[in-house]
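Colleague: Before I use a model like this, I would like to learn how its features should be read. Could we go through it together?

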Amino acid sequence: MKNLPKWVDLALIPLINLFLAFMISGLVVVYIGENPFRAMQIIINGSLGSAYGLGYTLYYATNFIFTGLAVAVAFHARMFNIGGEGQAMVGGLGTALVCLFIDWPHWTIAFPVAIMSAALFGAAWSAIPAYLQAKRGSHIVITTIMFNFIAYSMMVYLLVHVLKPKGQMAPESAKFVAGSNLPSAHDIFGWFGMAFPKSPPLNITFLLAVLACFLIWLFIWRTRMGYAIRAFGWSETAAVYAGISPFKIIMVSMLVSGGLAGMMSINSVMGEAERLLIDSVQGAGFVGIAAALMGRSHPLGVFLAAVLFGVLYQGGAELEFEMPAVSREMIVVIQALVILFTGALENLVRVPIGKIFMKLNTKQN
Amino acid sequence: MDTKVQHDSAAPMIELRGISKSFGPVQANKNINLKVNKGSIHGIVGENGAGKSTLMSILYGFYKSDSGEIYINGKHINITDSHVAIEAGIGMVHQHFKLVENFTVLENVILGTENSFLINPALNNARVLLSDLASTYSLEVNPDALIEDLSVGHQQRVEILKALYRQADILILDEPTGVLTPAEADHLFNILRNLSKEGKTIILITHKLKEIMSVTDTVSVMRRGEMTATLETSKTNPQELAELMVGRSVLLRVEKDTTEVGDKSLEVHDLSVTDKRGVTALKNVSFHVRKGEILGIAGVAGNGQTELLEALGGISPATGTMKIDGEEIPLLGKGSDARSKREYGVSHVPEDRQKLGLILDFFAWENIAFGYHHKDEFNRNWLLMDNGKTREIAREEMAKFDIRPPTPNNLVKNFSGGNQQKIVLARELEQHPKVLIVGQPTRGVDIGAIEFIHQKIIDLRNKGVAILLVSVELDEIFSLSDRVAVLFDGKIIGERITEETNESELGLLMAGIEDGSGEQPVMESVA
């Protein structure tokens, strides 16, 4: 079973998983008395069928790319970073501080500074669990989950007591300075004389996410540090034999991971909301785990999985609107089924498929 | 293929007819025929991957054969799973024990055969039976001891008792001596002889020809899935068996010239290691190795060998001093890690290639750079590694060390044990070390590869490299080293020049019986 053809491993099995997830979702839709094929059509049309839908889909995908890459990088060192949610929240604080208090003349200057600030804040939030793991052996899964809650409480405190402008009811920061507003897809297409609807929140951060995919691929598969991270991930004892410091690997992989999660806020906080909201992450940290699992911790896989989840988010919203019988909760059920089948139940399909291919191979010989 | 071994007309205890089994394209067993008489000890030898374990797994019901029939005591039995095998009286002692560490011996023995809601009846029943078995077969074990407190030899006895408790008449032992000291192995063989006297039939799978010669009545040789011969042990010899296993003539002992030894290259003084539990594993160990010399460290496993290798290789901290060509290098704190050791010219072939020496899920070419990945030859610039060049280097080294298949783009876990070891050896030797530290270089490696590996180590010595060889195989110590030091209980208990000593003298030292003089070993014996 260890030598499945690559296309089976990377394409066929995820597709079968997806198919199964959709089939069961379809049964759910049938159960509530709607036509599953029409539901499917609405999801696809709503998310990919128009520039408007695509603008939303890719906006969500951008969030998931960052949080997915974050989980993927840490996973190469066998660090299961469940704290993307909290790291993204704190990254949002880093973005907000940059965009609130400095009067930026132009977004091109604000952009790189905000990226660094967001990454720095996100990395700082992952540094404490990483240090505890590296020095004290405190399990990274437990500590990063805890840090999600701490981050949330901290953000509530800051937004209610510190960052909220006087006299405002909602617990959110003031609007960012105009010079920090990133160009949206509408603006970017406009530069080239092309049209793109104004309302979708898709912005230049999408390009940053694509770049991040490439850079993370380069980092993991082409640099010495990436080599050391992968070696450590496969075998800690062998890594020590080779002179690789576990402390260094745990810190570096978790800092890069936290930094990536933090950078998600460039898209959602700086690019879309243009103010810091109390729930700027909206579960993207957890969807990132699914995207990394489904994408096999490979940047290209993460990208594709992130787009798929973007489709589900946007298509789900459309479905809710078009088919009132399908409630918001139903959409969450469908998304959960996809995560369940592509992530947790992966072996459900892998084992029988592996057996079939063994049989086929035997016959050929 | 069938032999003249069958004298009597009674049905054999075990008969295999035309067993074949393939895994995908690999045919693990090809038309195997075998007869084993009741009350005999039958050895099966063969190199790694020859199909021994597959055959036994078919007999024990782990795998289903593609074709062929199994007869037990003349009766055709369709062994569909292990329960059927146990019912038929087959017991198996696995290479890696399947015991619950924090259960007592008794609890382990009855596991799965409790037969009632309360376990006390079964426990009492087993206690009586166990004391019977213990006296009949000299299989003494304290029934109330926890498994984790028992020595490996005793744990193995528990495995045998488990099989006997289930009324096994046929006992299959898979590489049973791999983890035992020579004394424990001798005791095991006595047990096996007793068992066979009482009419039990025993199948012994091993790659150690010495064991075959000393304990079995008949022996079968397997090569590439086929049973190439079945012989009476008394009518064969190790050389013949080795040739049948490999399919060509082999040198059981590599030729070695005497060479001029040079200056002291590796010097170790007062090396002490305390492990994580606070147990002192090494106490004030001192020795030196000269250029062009192999110092063998002999001893029963678990007397500080692992700690010695890990301290010198930079894996775990130690106190004392270590010098390379007169330059002191740290054993503790900053600059004592494995990377620094390599920068001083110390290469390390570890005891456990799968846990330490290799990343099994990396490609062969990635493993060729492992530990040396900071060196210029594997890098394009300050940031990026040079994968293309690393592949090229790997291709050259793999050809040079006859690693099969010679494809760098192959995951290391898909290579056989011998070829994995050659990958480690190729990597460490091709870095032209000043000092080579090597632990158990041929553990789990087949005969053909042993010859090759020994030759490479001797070539390196002839080039003037100082080599520290740690091995629990006395044969290996004798055929490679120029001097031998014996580790016992974390101390060097004696030191000899290889040509002026013999196995029985070293055997005494290994058992902890010190020199008559009672003084510290003489260090300058080869000056």
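Colleague: What is the average pLDDT of chain B, and what do the predictor's scores give for the complex?

Modeller: This is a predicted model, and chain B averages a pLDDT of 87, with 95% of the residues scoring at least 70. Over residues 1-8 of chain B, however, the pLDDT is below 50, and that stretch has 12 contacts in the model beyond near neighbours in sequence. Residues 516-527 of chain B also stay under 50, with 21 contacts beyond four places in sequence. For the complex, the predictor gives an ipTM of 0.88 and a pTM of 0.82.

Colleague: Is B:Val486 buried or exposed?

Modeller: A residue counts as buried under 20% relative accessible area; B:Val486 has 1%, and is therefore buried. B:Val486 is found in strand β19 of chain B, residues 483-488, and, leaving aside neighbours within four places in sequence, its contacts include B:Ala298, B:Ile493, B:Leu506 and B:Met510. B:Ile297 lies 189 residues from B:Val486 in sequence, while their C-alpha atoms are 5.6 Å apart in space.

Colleague: How are α14(B) and α15(B) oriented to each other?

Modeller: Angles under 35 degrees count as roughly parallel. The axes of α14 (residues 417-429) and α15 (residues 447-462) of chain B come within 10 Å and cross at roughly 10 degrees, so the two helices are roughly parallel to each other. Among the residues that meet are B:Leu425 and B:Leu429 in α14(B), and B:Phe452 and B:Ile453 in α15(B). By class, this contact has 6 nonpolar, 2 polar and 2 charged residues.

Conventions:
Residues are numbered from 1 along each chain as its sequence is written. Chains are lettered from A and ligands numbered from 1 in the order in which they are written. This is a predicted model: local features need pLDDT of at least 70, side-chain atom pairs count only at pLDDT 80 or more; totals for chains, interfaces and linings use all residues. Side-chain values use heavy atoms; hydrogens and water are left out. pLDDT is the predictor's confidence in each residue, from 0 to 100. Contact means heavy atoms within 4.5 Å. Helices (H or I, at least four residues) and strands (E, at least two) are DSSP runs, numbered from the N terminus. Buried means under 20% relative accessible area, exposed over 50%, partly exposed in between (1.4 Å probe, protein chains only). Axes are lines fitted to C-alpha atoms, for helices over the stretch in contact, and angles run from 0 to 180 degrees between N-to-C directions. Angles under 35 degrees count as roughly parallel, over 145 as roughly antiparallel, 65 to 115 as roughly perpendicular and the rest as oblique. Ala, Val, Leu, Ile, Met, Phe, Trp, Tyr, Cys and Pro count as nonpolar, Asp, Glu, Lys and Arg as charged, and the others, Gly among them, as polar.
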